[in-house]
Amino acid sequence: MKITKGRKKDHVDIVLKKGVQYQKGPGFSEVMLVHQALPEADFGKVSLKAKFLGKTLEAPLVIEAMTGGYPEGGKINRKLAEIAEKTGVAMGLGSQRAMVEDPSLKDTYYIRDVAPSVPLIANIGAFQLKKYGIAKIGDMVSKVDADALAVHLNPLQEIIQPEGDRDFSGVVEAIGLACEQLSVPVIAKETGAGIGSKAASLLKEAGVKYIDVAGAGGTSWSAIEYERGGGVPGFADWGIPTVACILADRGILPVIASGGVRSGIDAAKAIALGAELAGAAQPFLLAYSKGKLETEVDTWKEQLKVAMFLTGSKDVQSLRSAKAFVPTGLKELAGQV
Ligand SMILES: Cc1cc2nc3c(=O)[nH]c(=O)nc-3n(C[C@H](O)[C@H](O)[C@H](O)COP(=O)(O)O)c2cc1C
């Protein structure tokens, strides 16, 4: 238990102090939204509203899963939640493994009192889902009053992590059971190495409702684990770039685009490529640490709105059919992952 709590604190501290980002990009800088000199839209009427998990968002954005399980993590979750409520975006909790192991840690995840209307995503690792079984996980979800459960797939991190779990067999079956038996929808998410079409298809068959691609190009979990003394060097840049994941998975399940999304413009590109929502973790953690989280979310919303106006998209639905140029290399890659 001490190990779980200490590990989470290490992760947050390392991301804040060491950078730990992929060297290769997520692909957004290579994608160009096609400028419309005649937008035929009134900027003041451009609507960012979106539906997610039966609730209405002010913008199609998610503050991705990060923390909980220790006092500072609880403080961070409350601030993220307060700003998500104020700005009208969705939010994910960090892995709730610590809370399953020690129920007294619930308060470091519970945020409903400050964020009653936010679409809230509970979080557990695929390995823990298999280990703890549906009853415990269902209880964990209802204790935080979440609208969905994200099951994170992190085989790369677990392998590099000194104390990682290594037996990922039986994970698809465990996810299938969760989809069948939980009262909330299940989202499958990576943590930065991306979900390709084969995994997306298996997840669809298992009953998953959304894929959060969490592709390569943003925070590198192997880089984080190397900072913690992890083994097997050479994997800091391993993974499928986010843009290729979006293109590969969009026809299979609704996609949440994350992994190296670094502005509202990247978010607009992700949605034009077919994502339902775009999310980020590291930029919002950095903004939190500087006391500028609300400004950061507002800036992203403004960037998204301007990009929508300049592509002639009056709402999120029309942004999905906005023209986006994707270089051949990225398209080819997407066809093969
Ligand atoms: C400090 C930190 C902690 C994270 N903890 C979790 C976690 O507990 N569960 C999870 O599913 N993903 C976790 N992630 C991964 C993010 O949710 C996200 O998938 C990944 O960082 C890619 O997004 P980014 O490039 O915007 O950081 C964490 C990310 C960060 C930065």
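This is a predicted model: local features need pLDDT of at least 70, side-chain atom pairs count only at pLDDT 80 or more; totals for chains, interfaces and linings use all residues.
## The largest pocket

The largest pocket has a volume of about 420 Å³, and among the 21 residues that line this pocket, those nearest its centre are Leu153, Pro155, Glu190, Gly194 and Ala199. Three helices, α5 (155–160), α6 (171–181) and α7 (197–206), each give two or more residues to the lining, and the largest share, four residues, is supplied by α5.

## The largest cavity

Three cavities of 30 Å³ or more are counted in the model, and the largest cavity holds about 630 Å³ of space. Its lining comprises 39 residues, of which Lys8, Ala65, Met66, Thr191 and Trp221 are the closest to the centre.

Two or more lining residues of the largest cavity come from each of α1 (2–18), α3 (97–101), α5 and α11 (282–289), with α1 giving the most, six residues. The lining of this cavity divides into 11 nonpolar, 20 polar and eight charged residues.

## The second largest cavity

The strands β6 (120–125) and β8 (186–189) each contribute at least two residues to the lining, and β6 provides the largest share, three residues.

By residue class, the lining of the second largest cavity is made up of seven nonpolar, two polar and three charged residues.

Methods:
Residues are numbered from 1 along each chain as its sequence is written. Side-chain values use heavy atoms; hydrogens and water are left out. On a 1 Å grid over the protein atoms alone, a cavity is a set of points where a 1.4 Å probe fits but cannot get out, and a pocket is an open set with protein on both sides within 12 Å along at least five of seven lines; lining residues have an atom within 4 Å of a point. Grid points are joined across faces, edges and corners, and a volume is the space filled by probe spheres set on the points. Ala, Val, Leu, Ile, Met, Phe, Trp, Tyr, Cys and Pro count as nonpolar, Asp, Glu, Lys and Arg as charged, and the others, Gly among them, as polar.
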